[in-house]
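The following exercises are to be worked through with the sequence and the structure in view. Each task is followed by a solution in steps.

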Amino acid sequence: MTKQIQLFNNIAPKAFEDIEDDYFLSNEPIDNPDAIILRSAKLHDMTFAPETKYIGRAGAGTNNIPVERATEAGIVVCNAPGANANGVKELAAMSLVMASRNVLDALKWTDSLKGQDDIAAKIEAGKKNFVGRELRHKKMGVIGLGSIGGRVANMCIDFGMTVYGYDPYVTLRSAWGVDSRVKYTEDLQTIFSECDLVSLHVPYTEENHHMINSDILAYAKDGLILINLARDGLVDLDALEAAIESGRVGTYVVDFPEEKTLNMRNTINIPHLGASTPESQENAARMVINQMTDYLENGNITNSVNYPDVNLGVCRSTARIALNHRNIPNMLAQIIDFLREKNINIATLANDHRGEWAYTLIDIESDITEETLEKMINIDGVVRARIIRPN
Ligand SMILES: NC(=O)c1ccc[n+]([C@@H]2O[C@H](COP(=O)([O-])OP(=O)(O)OC[C@H]3O[C@@H](n4cnc5c(N)ncnc54)[C@H](O)[C@@H]3O)[C@@H](O)[C@H]2O)c1
Ligand SMILES: O=C(O)CC[C@@H](O)C(=O)O
């Protein structure tokens with residue numbers, strides 16, 4: 001049966017041109033979609049339809065999705081890690097240069113010369129008002145050393161900067177990608193007390209809410225350039241405004257403008273352009289569309305933010321059972337006992353957990369009816385049970 005995919009936002013059409021025969025994809029409302037693919041649309045007020053089992057974020061941040069509610073409904077939420085990291089890194093390069101070289105004010109002034117006489121002479125006379133500083137030999141702080149932060153830190157090494165990195169949760173994989181010349185620090189204060197420029201590349205979570213606040217800004221060097229291409233809510237804007245007024249923060253560059261930042265002095269407001277390139281959009285959309293088809297057709301999970309990644313390859317057995325369940329004692333024993341009672345032989349089984357949740361894929365050697373599957377949903381702790389048959 002054709003699978004129904006609800007799209008939100010502009011999802012790069014090239015990403016789904018190969019699957020259009022088997023899937024119906026639409027930006028118009030679909031009653032009971034199998035999956036949702038989105039960019040920045042906010043799903044917090046959405047009631048999930050019973051058939052919805054997958055949400056794919058064609059990007060990095062998932063704070064626009066009610067992940068906990070989705071998990072309890074047995075919906076796997078995945079993102080596209082790293083797919084748009086180069087796009088954001090390049091915008092960070094622009095932000096560093098734009099802030100250090102006074103480019104925004106200079107452009108506004110140049111524009112104001114329209115219609116005047118002797119523009120060339122006026123420019124030569126006026127340019128002294130926009131003298132900036134070079135990045136080379138300056139100290140750069142990078143907060144968050146994941147896909148984007150790692151690239152930004154390495155780029156800043158290439159600019160000839162002294163780079164400090166802070167990320168208490170960095171994965172081994174990310175850490176391997178970071179230039180060994182980046183000075184790793186375990187406290188945020190060092191970043192602010194040492195650096196001339198600081199760039200934020202962390203997700204917005206409850207824990208990271210207002211991580212840049214008056215306490216940490218108190219350590220900043222005068223004239224700090226602060227760049228936030230990560231999310232609103234990470235920076236306490238009242239504290240930032242006070243730091244700008246006192247001269248502690250020289251320039252704030254933000255990709256998530258709000259009324260307050262639009263009215264704040266020395267602030268460069270960018271209209272969320274970090275990933276607004278066809279390259280990033282296509283990368284991210286392709287990644288989530290591939291992950292989605294593999295999940296719907298084979299039950300395999302890749303790049304999930306709420307369930308573990310589990311993979312049994314292409315479904316070639318008589319049938320495959322996919323179970324989203326709680327990570328509680330006796331779960332697997334109950335599942336296996338259930339199948340044994342039904343005289344269903346297990347060919348292969350894969351199971352893993354992520355915090356309080358787990359996922360099990362079971363290839364079976366005899367068929368299973370929808371009625372029997374229904375009974376599996378009644379096993380305590382199971383929130384979704386699905387049968388997958390080979391294509
Ligand atoms: N402007 C844009 O268009 C755009 C595009 C992509 C991503 N983003 C934002 O950038 C964020 C980072 O993206 P990414 O692809 O690098 O993600 P990522 O998951 O690869 O890296 C995030 C890193 O932040 C670290 N981290 C988390 N909390 C931290 C904290 N309190 N202090 C220090 N480090 C912390 C994590 O350990 C991880 O290494 C996204 O979550 C998203 O909010 C914005
Ligand atoms: O899709 C976009 O334009 C932005 C995506 C970005 O915010 C992300 O978190 O990946």
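**Exercise 1. The shell around ligand 1**

How do the residues of the shell around ligand 1 divide into nonpolar, polar and charged?

Solution. The model is a predicted one, in which local features need pLDDT of at least 70, side-chain atom pairs count only at pLDDT 80 or more, and totals for chains, interfaces and linings use all residues. Residues are numbered from 1 along each chain as its sequence is written, while chains are lettered from A and ligands numbered from 1 in the order in which they are written.

Step 1. A residue belongs to the surroundings of a molecule if its C-beta atom, placed from the backbone, lies within 6 Å of it. Around ligand 1 there are 34 such residues, and Gly-61, Gly-144, Gly-146, Pro-203 and Gly-274 come nearest.

Step 2. Helix H2 (85-100) and helix H5 (147-158) are the elements that give two or more residues to this shell. Helices (H or I, at least four residues) and strands (E, at least two) are DSSP runs, numbered from the N terminus. The largest share, three residues, comes from H5.

Step 3. Ala, Val, Leu, Ile, Met, Phe, Trp, Tyr, Cys and Pro count as nonpolar, Asp, Glu, Lys and Arg as charged, and the others, Gly among them, as polar. The shell around ligand 1 therefore divides into 18 nonpolar, 13 polar and three charged residues.

**Exercise 2. Ligands and domains**

Determine between which domains ligand 1 lies, and describe the shell around ligand 2.

Solution. Step 1. The chain is divided into domain 1 (1-84 + 277-306), domain 2 (85-269) and domain 3 (309-391), with bounds that come from an automatic or database domain assignment.

Step 1. Ligand 1 lies between domain 1 and domain 2, because both give residues to its shell.

Step 2. Around ligand 2 stand Arg-39, Ser-40, Gly-59, Ala-60, Gly-61, Asn-84, Gly-274, Ala-275 and Ser-276. By class, two of the residues in this shell are nonpolar, six polar and one charged.

Step 3. The C-alpha centres of domain 2 and domain 3 are 48 Å apart.

**Exercise 3. An open sheet**

Which strands form the open sheet of four strands, and in what order?

Solution. Step 1. Two strands pair if DSSP finds at least two bridges between them. The order is E14-E15-E13-E16, with antiparallel pairing.

Step 1. Strand E14 (346-354) and strand E16 (382-388) stand at the edges with a single partner strand each, so one side of each has no neighbour in the sheet.

Step 2. Strand E13 (residues 319-326) and strand E15 (residues 357-364) are antiparallel and joined by eight bridges. Arg-320 stands opposite Asp-363 in E15.
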